[in-house]
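Please read them with the model open.

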Amino acid sequence: MGNMSGVQSILEIFKSREVRYIFGNPGTSESPLMLELEKHPEIEYILVLQEGVAIGMADSYARSTKKSSIVNLHIETGLANGISLLHNAKESRTPIIVTAGNKDIREIANGRTDLAEMVRLFTKSTAEVTHPEQILTSLRKAFNESMNHPTGPVFVGFSANSLDEFHQIEISDDMQKTKKFQPDMNAIQDSVELLATATNPVILVGDQVSQSDATKEAVQTSEIIGAKVFAMSFAGVNFPTNHPNFRGDIKLGYLNSFQAIEKADVILSIGKFTAAVSYTHLRAHATRHDLLCRLLLEKKEGVGGGGGGGGGGG
């Protein structure tokens with residue numbers, strides 16, 4: 001495409017990814033983006049009055065389109081306001097690319113916040129672009145990271161000089177890659193054998209079931225083995241609540257959760273555990289007759305459906 005400014009290349013990359021909306025609340029650091037957007041009517045900036053609203057809208061948009069959504073916030077102040085909703089997006093593994101402007105890289109003496117470090121706990125990956133030559137690689141990684149399983153939010157910051165300076169760039173049409181995931185077939189076979197002989201199975205469903213379009217398969221599995229189903233989390237509808245096998249929600253690590261599953265001889269966990277304590281909780285109450293299977297869902301775009309891997313223990 002030739003010689004262009006950093007902010008021009010950002011929008012060209014967005015267009016190559018068919019980005020239609022940017023949700024945000026900009027400030028002076030993001031003014032180059034706002035000015036350049038006037039030349040790109042294909043992309044609409046959805047202005048909100050509070051940063052959490054922007055991330056909430058982007059979260060919903062990403063879930064409904066099954067594509068990465070774009071958020072644009074203002075330096076450390078705006079970014080801080082969006083962290084609570086960013087935490088929620090990480091827990092639900094929603095693919096959001098959060099961007100923010102920052103001071104010129106040469107303004108260290110005047111005080112310059114490390115935006116990437118600021119949101120590291122709430123994202124899959126973070127990066128800050130300090131020169132326009134880094135834009136293509138950083139955004140390519142952001143799109144891939146946000147959509148690769150387990151999906152989730154990522155952050156890319158842009159120093160003021162990286163937006164204004166010019167550079168040579170060629171944006172190829174094959175930036176978007178599809179990755180195939182191969183499940184552990186031995187683990188799946190072990191899990192099938194455990195489930196086939198179960199007399200009182202229980203299924204725990206968590207997030208990623210609905211994102212992987214696997215709700216139908218979860219229902220079929222529960223019907224085939226006659227399992228009671230409990231929901232560990234509700235970022236999406238992972239199992240229909242009106243199904244006769246559904247027994248409500250469960251919060252692992254609490255006494256009532258143990259009482260709900262203590263008579264199960266096999267527990268199949270599908271999707272995302274709600275907390276690290278969950279596996280410990282299940283194992284702590286296991287006897288030599290109790291078995292635990294886990295199924296990790298991986299969405300396979302363009303390769304004919306979903307798949308996963310499982311494991312067993314006793």
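This is a predicted model: local features need pLDDT of at least 70, side-chain atom pairs count only at pLDDT 80 or more; totals for chains, interfaces and linings use all residues.

The points below cover the sheet, the packing on it, the cores and the aromatic pairs.

1. Six strands make an open sheet with parallel pairing. Their order is β3-β2-β4-β5-β7-β6. The edges are β3 (44-47) and β6 (126-129), each of which pairs on one side only. From one strand to the next, the twist averages 25 degrees.

2. The β2/β4 pairing. Strands β2 (residues 21-25) and β4 (residues 69-73) run parallel and are joined by four bridges. G24 has N72 in β4 as its bridge partner.

3. Helix on the sheet. Helix α7 (residues 135-147) packs on the sheet. The helix touches β4, β5 (96-102), β6 and β7 (154-159). The direction of α7 makes about 165 degrees with that of β7.

4. Strands β1 and β8. Four bridges also connect β1 (residues 2-5) with β8, and these two run antiparallel. M4 has H167 in β8 as its bridge partner. H167 lies on the covered face of β8 (residues 166-169), together with I169. F166 and Q168 are on the uncovered face.

5. Nonpolar cores. The largest core has 26 residues. Which of them touch the most other members? They are I13, F14, I22, L139 and F158. Elements giving two or more residues to this core are α1 (6-16), α2 (31-37), α7 and β7. Beyond its neighbours within four places in sequence, L139 contacts I10, I13, F14, V156 and F158. Another core, of 20 residues, lies apart from this one; L73, A89, V98 and V119 are among its members.

6. Aromatic pair F14/F143. There are five aromatic pairs in the count. In one of them, the ring centres of F14 and F143 are 6.3 Å apart and the planes are at 80 degrees, so the pair is edge-to-face. F14 sits in helix α1 and F143 in helix α7, 129 residues apart. Buried or exposed? F14 is buried, at 2% relative accessible area. F143 is also buried, at 6%.

7. Aromatic pair Y21/Y61. Here the ring centres of Y21 and Y61 are 5.5 Å apart, with planes at 85 degrees, so this pair is edge-to-face. Y21 is in strand β2 and Y61 in helix α3 (residues 51-65), 40 residues apart. Y21 is partly exposed, at 22% relative accessible area. Y61 is partly exposed too, at 23%. With F23, Y21 and Y61 form one aromatic cluster.

How values were computed. Residues are numbered from 1 along each chain as its sequence is written. Side-chain values use heavy atoms; hydrogens and water are left out. Two strands pair if DSSP finds at least two bridges between them. Axes are lines fitted to C-alpha atoms, for helices over the stretch in contact, and angles run from 0 to 180 degrees between N-to-C directions. Contact means heavy atoms within 4.5 Å. A nonpolar core is a set of buried Ala, Val, Leu, Ile, Met, Phe, Trp, Tyr and Cys residues joined through side-chain atoms within 4.5 Å. Buried means under 20% relative accessible area, exposed over 50%, partly exposed in between (1.4 Å probe, protein chains only). Rings of Phe, Tyr and Trp (its six-membered ring) pair if their centres lie within 6.5 Å; planes under 30 degrees apart count as stacked, over 60 as edge-to-face and the rest as tilted.
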